[in-house]
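Hi everyone, thanks for coming. I'd like to walk you through a few packing details today, so please have a look at the structure first.

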Amino acid sequence: MAMRRYPAGWLDELYAKADIVQVVSPYVQLKRNGRKYWGLCPFHHEKTPSFSVSPELNLYYCFGCKAGGNVVQFLMEAEHLPYQEAVERLADQMHMPLPEMVEDPGWEERRSRRDRLLSANREAAAWYHRYLWTDEGKKILDYLYGRGLEDGIIRRFGLGASPRDWNRLTRALTEQGFTREELISAGLSAGRDDQDARDFFRDRAMFPIIDQFGNVLAFGGRTLEKDLPPKYLNTGDTPVFNKRKGVFAANLLRKERHLDRVLLVEGYMDVVTLTQAGVRGTAATLGTSLTPEQAQLLGRFAPEVWVGYDGDEAGQHAIEKALTIFEEAGVAVRVLYFPDGLDPDEFIRQRGIEAFDALKPMNPARYRLTRLLERSDLTGDEGRIEYVKAAAEEIRRVSEPVEREVYVRDVCARSGFDRETVLAQVGAAAPGRAEAPSGQTRARSAVRSGPAAGRDSAAGRDPGRAAERMAVSLLAVGHMPKDLFRPEDLKDEGLRRIAQKLLSGQSPAAILEDASVEERDLAASVFAEQAFQQEEDALTVATDCLRRLRLNRLTEEWEAARRQASAETDPEKRRAALTRVMELNAEMTKLKQPNHMKGAE
Ligand SMILES: [Zn+2]
């Protein structure tokens with residue numbers, strides 16, 4: 001596949017001219033602080049600014065939702081523009097005439113495998129979507145119409161149809177230049193090998209699963225035939241898709257600004273119908289029950305998540321499990337209960353948006369107490385005792401006194417026990433459990449301390465990696481002495497690759513331009529790191545950083561030598577290893593000396 005692109009030199013000029021502060025300003029109110037500008041992130045909900053813009057590097061980065069990129073990427077995400085249009089709009093703002101595009105046949109081969117699979121998925125989504133509007137796709141389109149969907153929402157979610165035939169998609173994508181092996185690996189085709197590859201999805205309504213960055217990761221396909229189970233077929237895990245980590249409609253969540261809650265429902269169709277009805281911020285898990293990773297992901301989009309699963313027994317059971325997962329993840333959660341056993345899709349179609357807006361979410365404790373009551377038999381003493389014992393345990397976990405009081409009164413009224421007895425039971429319930437902070441208290445405090453509390457501390461956990469990240473961020477701002485720095489000193493492969501690109505003269509903006517998805521995430525977060533406040537400190541910080549990299553490497557060598565010395569049985573070799581240990585010891589001591597660096601560990 002030959003690709004046409006703008007010439008690299010022209011793009012560099014565009015990046016050099018475009019001032020990111022100017023481009024971002026219409027979207028975010030920015031305030032200068034040190035070498036960066038800060039504001040409220042346009043891509044996720046927050047009350048304290050974690051969105052940073054670096055005029056020095058011409059990049060943006062959000063410490064809350066980890067959105068980051070260059071000036072073109074900002075326009076793409078803020079305006080939902082495809083790449084080329086974003087470049088053109090920026091060029092227009094900078095009064096730069098557009099150059100001729102150049103053929104770049106090698107570009108496709110240079111891209112990583114992950115990008116190849118993502119682009120196969122994107123092409124497949126477009127293909128399924130086009131097929132939906134053909135005569136052959138009409139049966140599935142009629143099904144979607146039958147569920148009350150309109151053209152606009154079908155387009156917005158990029159819904160599609162897969163044909164009944166054996167291998168139509170596989171053939172179409174092979175003609176576009178994808179190999180059968182790539183298609184099998186992306187989960188689009190199935191088959192033992194190249195020869196008999198056929199389409200994985202056949203005769204189904206297709207729901208593309210798109211992540212918060214707009215990548216098509218996978219598909220869910222719903223069958224129309226009762227005799228063709230399963231009802232929903234999902235792409236299995238692939239190199240680009242892990243069903244335990246993503247959620248359906250993450251792309252739309254990301255685009256919603258200032259959500260005050262995310263609504264988590266069970267089915268893709270629920271998400272689509274609710275969105276069409278005007279309910280913002282809806283998502284669903286991907287054919288499995290909720291995982292801690294998904295709970296955390298959802299918690300990034302709004303201060304609170306409402307769980308709105310189906311009204312049947314299975315749905316109610318799933319809610320109880322989900323509440324615990326959110327509480328353990330420190331995400332504030334409530335339950336949206338759909339009455340009369342309706343699922344959200346049925347509810348919104350039968351009763352409309354006003355009825356939906358009138359639904360009041362329940363606190364986890366209230367929900368659990370309601371469930372407990374439904375399950376209890378209060379006709380005999382035994383049942384009443386069991387009920388109060390279990391309810392008391394629940395109430396004991398509630399930290400707010402007023403909330404407690406409401407529940408205590410309720411339990412008294414239901415059970416016929418007096419207040420003193422119920423309170424005594426609350427005091428006596430489940431010894432030992434009160435010492436540990438309950439999930440609920442943790443969830444609340446996480447909300448109070450705001451998004452800054454959730455900042456990535458991965459670097460903090462691994463001091464070696466922190467030094468490596470700092471070295472690369474110093475290199476990016478031109479404050480790392482290039483003659484002293486060696487990329488081989490970096491253990492982290494991704495960081496080393498970025499360092500090599502910087503050393504070869506690529507600008508940070510250009511690196512993000514060409515990066516694969518993971519590399520962009522890593523590079524954007526590293527470039528956003530601020531190693532020093534004052535220009536005059538930069539050299540000291542760089543020297544210290546180099547010293548620490550060196551020390552890390554020596555420590556590793558030293559440990560290896562020590563292990564070798566103690567394992568060695570041959571006296572000659574053992575002595576040699578011990579000598580090496582001592583040499584390394586001396587070198588490390590020298591490096592740790594104060595004249596080398598103030599504040600040595
Ligand atoms: Zn953000």
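This is a predicted model: local features need pLDDT of at least 70, side-chain atom pairs count only at pLDDT 80 or more; totals for chains, interfaces and linings use all residues.

After the helix comes His-80, with a positive phi near 55°.

Now over to a helix pair. Helix α17 (residues 381-396) packs on helix α18 (residues 401-415) with the axes 11 Å apart and an angle of about 175°. Since angles over 145 degrees count that way, α17 is roughly antiparallel to α18. On the α17 side, the contact uses Arg-384, Tyr-387, Val-388, Ala-391 and Ile-395, while α18 brings Arg-404, Tyr-407, Val-408, Val-411 and Ser-415. Sorted by type, the residues of this contact come out as 7 nonpolar, 1 polar and 2 charged.

Last stop, the cores. In the largest nonpolar core, which has 80 residues, those touching the most other members are Leu-264, Ala-283, Leu-298, Val-305 and Val-307. Helix α6 (residues 113-132) gives the largest share, 9 residues. And where does this core lie relative to domain 2 and domain 3? Both domain 2 (111-241) and domain 3 (247-362) contribute residues, so the core lies between them. Take Leu-298: beyond its neighbours within four places in sequence, its contacts are Val-247, Val-262, Leu-264, Ala-283, Val-305 and Val-331. Apart from this core lies another, of 60 residues, including Tyr-15, Leu-502, Ala-524 and Val-526.

Thanks, happy to chat!

Conventions:
Residues are numbered from 1 along each chain as its sequence is written. Helices (H or I, at least four residues) and strands (E, at least two) are DSSP runs, numbered from the N terminus. Axes are lines fitted to C-alpha atoms, for helices over the stretch in contact, and angles run from 0 to 180 degrees between N-to-C directions. Angles under 35 degrees count as roughly parallel, over 145 as roughly antiparallel, 65 to 115 as roughly perpendicular and the rest as oblique. Two residues are in contact if their C-beta atoms, placed from the backbone, lie within 7 Å. Ala, Val, Leu, Ile, Met, Phe, Trp, Tyr, Cys and Pro count as nonpolar, Asp, Glu, Lys and Arg as charged, and the others, Gly among them, as polar. A nonpolar core is a set of buried Ala, Val, Leu, Ile, Met, Phe, Trp, Tyr and Cys residues joined through C-beta atoms within 7 Å. A residue is buried if 20 or more other C-beta atoms lie within 10 Å of its own, exposed if 12 or fewer, and partly exposed in between; C-beta atoms are placed from the backbone. Domain bounds come from an automatic or database domain assignment.
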